[in-house]
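Take a moment with the fold before reading on.

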Amino acid sequence: MDKIPILRMGAFLLVTIQVDLYDRLALNLEADLVQMVNKTSAKGVLIDISAVSIVDSFMGRIIGNIASMSKILDAETVVVGMQPAVAITLIELGLPLKGVHTALDMEKGMNLLKSMIDTSGDDEDDDQSAYDLITE
């Protein structure tokens, strides 16, 4: 079964979606990501969808659900790399993605997450590797 890798970068989780998501894969990503936010006490989630060319209402709801669940677990969500056609589709479908912050690229997305989250209290995580691939 396919899995989308989740990368830990300090207090943040990074997900790069490189394939068009079918329903089961999207549901698995939602469950895995929310579980990892809880397990790692992540303060932010960055989702790169630059390789995604088509988003339907189900996928839009999954992104919104991830943001809502992450927020409940004290993590902000930023989606980066959205193609113009995807943005148009989401608006036409009436999916405003409440709670989802957006940025043009990964660098701007990380800067946005850092500005929203005070990571100064997470010095104990500095002893760990800054980049951990989480594969469960």
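The protein has four helices and six strands. Here helices (H or I, at least four residues) and strands (E, at least two) are DSSP runs, numbered from the N terminus. From the N terminus on, their order is β-β-α-β-α-β-α-β-α-β.

This is a predicted model: local features need pLDDT of at least 70, side-chain atom pairs count only at pLDDT 80 or more, and totals for chains, interfaces and linings use all residues. Residues are numbered from 1 along each chain as its sequence is written, and side-chain values use heavy atoms, with hydrogens and water left out.

Of the 136 residues in the protein, 42% are buried. Buried means under 20% relative accessible area, exposed over 50%, and partly exposed in between (1.4 Å probe, protein chains only). Take contacts (heavy atoms within 4.5 Å). Among those between residues at least 6 apart in sequence, 77% join residues at least 24 apart.

Now turn to helix 4, residues 106-116. Which of its residues are buried? Gly-109, Met-110 and Leu-113 are. They cover an arc of only 100 degrees around the axis, so they sit on the same side of helix 4. That arc is taken from the directions from the helix axis to the C-beta atoms. An α-helix has 3.6 residues a turn, so residues three or four places apart point the same way.

What covers the buried residues of helix 4? The cover includes strand 1 (6-9), strand 2 (12-16), strand 3 (44-48), strand 4 (76-80) and strand 5 (100-103). On the other side of helix 4, Glu-107, Lys-114 and Ser-115 are exposed.
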